[in-house]
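Please examine the sequence and the model shown here. The paragraphs that follow lead from a single side chain to the strands, the helices and the ring contacts.

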Amino acid sequence: MLASGRQPLRPGRGRDRAATATGSDHHGEAEDDMRRAELAAHLDVTLLRPGATAEDVRALCEQAMEVGAAAVCVSPSRVPDAVAVLQARDGAAVPVATVCGFPSGAHRTVVKVTEASTAVHEGAGEIDMVIDLGLVKDGAWDAVEADITAVQWELDQHPAVADGARPLVKVILETAALTDEEIVRCCRVAEAAGAAFVKTSTGFHPAGGASVHAVQLMASTVGGRLGIKASGGIADTAQALALIEAGATRLGVSRAAAVLADLTD
């Protein structure tokens, strides 16, 4: 790894729970104690469908405001639409997230940097960047860290940082395509590069999405120093609660209503 000497960023939203490894003494805690509003506060309600329209974005933002979601996540070209809807509806407390290097991660670093910087200047507060999976498989860990560091450094120069509103970087690992050893190493590299979160999946990789095992492994590696976002294929309440119990502090979901359906206020 690079000798960056950078301190890891902590998740920037107060309602994100610390990312912790779970043990048998916590079994059932999430399901027993979680309320609908609490689960909603873990959700990044997400719309990354290529054909999504401005009306789709408006509906997503209104859903996020209604349930009290942690963020809305949209494609880069839809960031201005989401920002405009949230500001017009007095929903500015719900941050806009977008993706970077999505979905392959095989973009040149300068492209990722430009994409992330543009999104932040347009009002995004969170960037979910895809790791370069090919470099991971090559074992080129210095290059993997340099890719993440470049995006994080660029966002650290944003004027909002001076006001304490540092944009969050979530590093998408594509865990279903990785070995356990690679997941651990990716988490360590993301932390060294200064990222705020590690994230399981894009939801677009044929290997699959989030799993309890991957989240547990990520949680045991980052030890509460970084947030953990599980995403990809989260379809119902039981699956969402299992991932939170495993250590997830955010959930990326495209079916928020189904995820919240089995809980009450």
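Does glutamate 154 count as buried, partly exposed or exposed? The model is a predicted one, and in it glutamate 154 has a relative accessibility of 26%, so this residue counts as partly exposed. Glutamate 154 is found in helix 7, which spans residues 141-156. Once the neighbours within four places in sequence are set aside, glutamate 154 is in contact with Val113 and Ser117. Valine 113 is 41 residues away from glutamate 154 along the chain, yet the C-alpha atoms of the two are separated by 6.7 Å.

The wider setting may now be described. The chain comprises eleven helices and eight strands. Of its 265 residues, 52% count as buried. Among the contacts in the chain with a separation of 6 or more, 73% are accounted for by residues 24 or more positions apart. The mean pLDDT of the chain is 88, and 85% of the residues reach 70 or more. Over residues 1-29, however, pLDDT stays under 50, and the model has 80 contacts beyond four places in sequence for this segment. Where pLDDT is low, the predicted coordinates should not be read in detail.

Strand 1 has a parallel pairing with strand 8 (residues 250-253) over three bridges, and a parallel pairing with strand 2 over four bridges. Valine 45 takes part in both arrangements: it stands opposite valine 253 in strand 8 and opposite valine 72 in strand 2.

Strand 2, residues 71-74, runs parallel to strand 3 and is joined to it by three bridges. Strand 3, helix 5 and strand 4 make a right-handed β-α-β unit. Strand 3 is mostly covered, with five of its five residues buried. Val96, Thr98 and Cys100 point one way from this strand, and Ala97 and Val99 the other way.

Which residues of helix 9 are buried? They are Ala214, Val215, Leu217, Met218, Ala219, Thr221 and Val222. An α-helix has 3.6 residues a turn, so residues three or four places apart point the same way. The cover over the buried residues of helix 9 includes helix 8 (180-192), strand 6, strand 7 (227-231) and helix 10 (237-246). Just after helix 9, glycine 223 takes a positive phi of about 55 degrees.

The aromatic rings remain to be considered. With ring centres required to lie within 6.5 Å, the count comes to one aromatic pair. Phenylalanine 102 and phenylalanine 204 form this pair, with 5.1 Å centre to centre and 85 degrees between the planes, an edge-to-face arrangement. The pair links distant parts of the chain, since its members are 102 residues apart: phenylalanine 102 lies in the loop between strand 3 (96-100) and helix 5 (109-121), and phenylalanine 204 in the loop between strand 6 (197-199) and helix 9 (212-222). Another ring, that of phenylalanine 197, has lysine 170 over its face, at 6.0 Å from the ring centre.

How values were computed: Residues numbered from 1 in each chain as written. Heavy atoms only, no water. Phe/Tyr/Trp six-rings, centres within 6.5 Å; stacked < 30°, edge-to-face > 60°. Helix = DSSP H or I, 4+ residues; strand = E, 2+ residues; numbered from the N terminus. Lys NZ or Arg CZ within 6 Å of the ring centre and 35° of its normal. Buried < 20%, exposed > 50% of the residue type's maximum accessible area, 1.4 Å probe, protein only. Pairing = 2+ DSSP bridges. Right-handed = clockwise from strand over helix to strand, strands pointing away. pLDDT = per-residue confidence, 0-100. Contact = heavy atoms within 4.5 Å.
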